[in-house]
Amino acid sequence: MITVYHSEHVQAYVQALGSALPGHRVVHTMLKPQTATRYAVVWNPPPGFFTGLTDLQAVFVLGAGVDRLVAREDLPAHIPIYRLSDAGMAEQMIEYARYGVLHWQRSFDLYRNQQQQRQWQVQPDRRKQDTRVSVLGLGEMGGRVATALAAEGYQVNGFSRSARSLSAVTCVHGESALDEMLAHTDVLINMLPLTPATRSLLDGARLARLPAGAALIHAGRGEQLDENALLTALDSGALRFALLDVFSLEPLAKTHPLWVHPHALITPHSAAQTLISAAVLQISARIKALELGQSISGKVERARAY
Ligand code: GLV
């Protein structure tokens, strides 16, 4: 039995998984799965969801980030968790990042505010090759974003937990390298997974290392950024612009000052959406392989939390 939990698209997932895996019973639940559940296909299931599932063989996450699953007490450590590998999300992330970089590079943020004042004033030109973009996280999302922007002609640096090598990207790792990189960054793009090491990474001190007038594109997880420090930096003009997709509390509270900040652009955790058909194709192929006793990719390393 395959049990699906998703707060919005559950019927579509059940139907698509059912057609892709005709030998399996695919059901959904909003509460407690039946104990016959062999595979769970989930996005943010409620606490206690996995308790007592003695037949459970594997959990498939309907997304790229697994931060909400790895620390759960109801999911025994021996049950493997698999996350989606790309599944159409990297391309969306590239578009999102490209939009944010262009917004800053071509001064759309300044022109938006000028328009409000009916102010006709041309901003200085800036070329791609003179625009320093730094990507935090060089995994399936960040790695693709970094190489795509480098191929377009931007100066791209990348930071990751362990050493990486990517075409046309200057890759660094380690905390001191991060501080050094920030000091030479015009547009900082955060694509890191949420782990104990990345929680609160973008604090006031790190934001202050960015050159005056830099920009932030934040599409990792809300808990990585000190939103108050961000507001202070945006208010003072130390940071010129922020494109924000993730927040420490989602949905962002109606009263949150970021909603109306003239230098912030807000999207509702929509930078890279899980595409149902791509996700089902990947998960059904993996379930078939597991049933044949084959090993499959996408397994989360619980110790590193992604
Ligand atoms: C979305 O944030 C995801 O992790 O897929």
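Reply: A polar atom of the Asp 74 side chain lies 3.0 Å from the backbone nitrogen of Phe 49. The model is predicted: local features need pLDDT of at least 70, side-chain atom pairs count only at pLDDT 80 or more, and totals for chains, interfaces and linings use all residues. Residues are numbered from 1 along each chain as its sequence is written, and side-chain values use heavy atoms, with hydrogens and water left out.

The side chain of Asp 74 also makes a polar contact of 2.7 Å with the side chain of Arg 72. A polar contact is a pair of N or O atoms within 3.5 Å; within protein, one must be able to donate a hydrogen and the other to accept it, and residues adjacent in sequence count only if both atoms are side-chain atoms. Asp 74 is placed in the loop between α2 (67-70) and β5 (81-82). Helices (H or I, at least four residues) and strands (E, at least two) are DSSP runs, numbered from the N terminus. Not counting residues up to four places away in sequence, Asp 74 touches Pro 46, Pro 47, Gly 48, Phe 49, Phe 50 and Thr 51; contact means heavy atoms within 4.5 Å.

Phe 50 and Ile 189 have the most contacts inside the largest nonpolar core, a set of 71 residues. Such a core consists of buried Ala, Val, Leu, Ile, Met, Phe, Trp, Tyr and Cys residues joined through side-chain atoms within 4.5 Å. Helix α3 (residues 89-105) gives the most to this core, namely seven residues. Because domain 1 (2-87 + 274-291) and domain 2 (90-266) both give residues to this core, it lies between them. Apart from this core lies another, of 26 residues, which includes Leu 182, Ala 229, Leu 258 and Ala 264. In soluble globular proteins, nonpolar side chains tend to be buried together.

Thr 29, in the loop between β2 (26-28) and β3 (39-42), is in contact with Phe 49, Thr 3, Val 4 and Tyr 5 when neighbours within four places in sequence are left aside. Thr 29 counts as buried because its relative accessible area is 11%. A polar atom of the Thr 29 side chain lies 3.4 Å from the backbone nitrogen of Lys 32.

The two domains come next. Nine residues of domain 1 are in contact with seven residues of domain 2. Met 93 is found in helix α3 and is buried, with a relative accessible area of 8%. Beyond four places in sequence, Met 93 touches Met 141, Val 145, Met 191, Ala 219, Ala 271 and Ala 272.

In helix α8 (residues 227-236), the buried residues include Glu 227, Ala 229, Leu 230, Leu 231, Ala 233 and Leu 234. Their cover includes α7 (204-209), β10 (214-218), β11 (239-244) and β12 (264-266). Asp 226 caps the N-terminal end of α8, with a side-chain oxygen 3.0 Å from the backbone nitrogen of Asn 228. Gly 237, which follows α8, has a positive phi, near 85°.

Around it are Trp 43, Gly 63, Ala 64, Gly 65, Met 89, Arg 221 and His 269, a residue being near a molecule or strand if one of its heavy atoms lies within 4 Å of it. A polar backbone atom of Ala 64 is 2.6 Å from an oxygen atom of the ligand. A polar side-chain atom of His 269 also lies 2.6 Å from an oxygen atom of the ligand. Taken alone the ligand exposes 200 Å², of which the protein buries 86%; accessible areas come from the Shrake-Rupley method with a 1.4 Å probe, and for residues only the protein chains shown count as cover.

Technical notes
Buried < 20%, exposed > 50% of the residue type's maximum accessible area, 1.4 Å probe, protein only. Domains from an automatic or database assignment.
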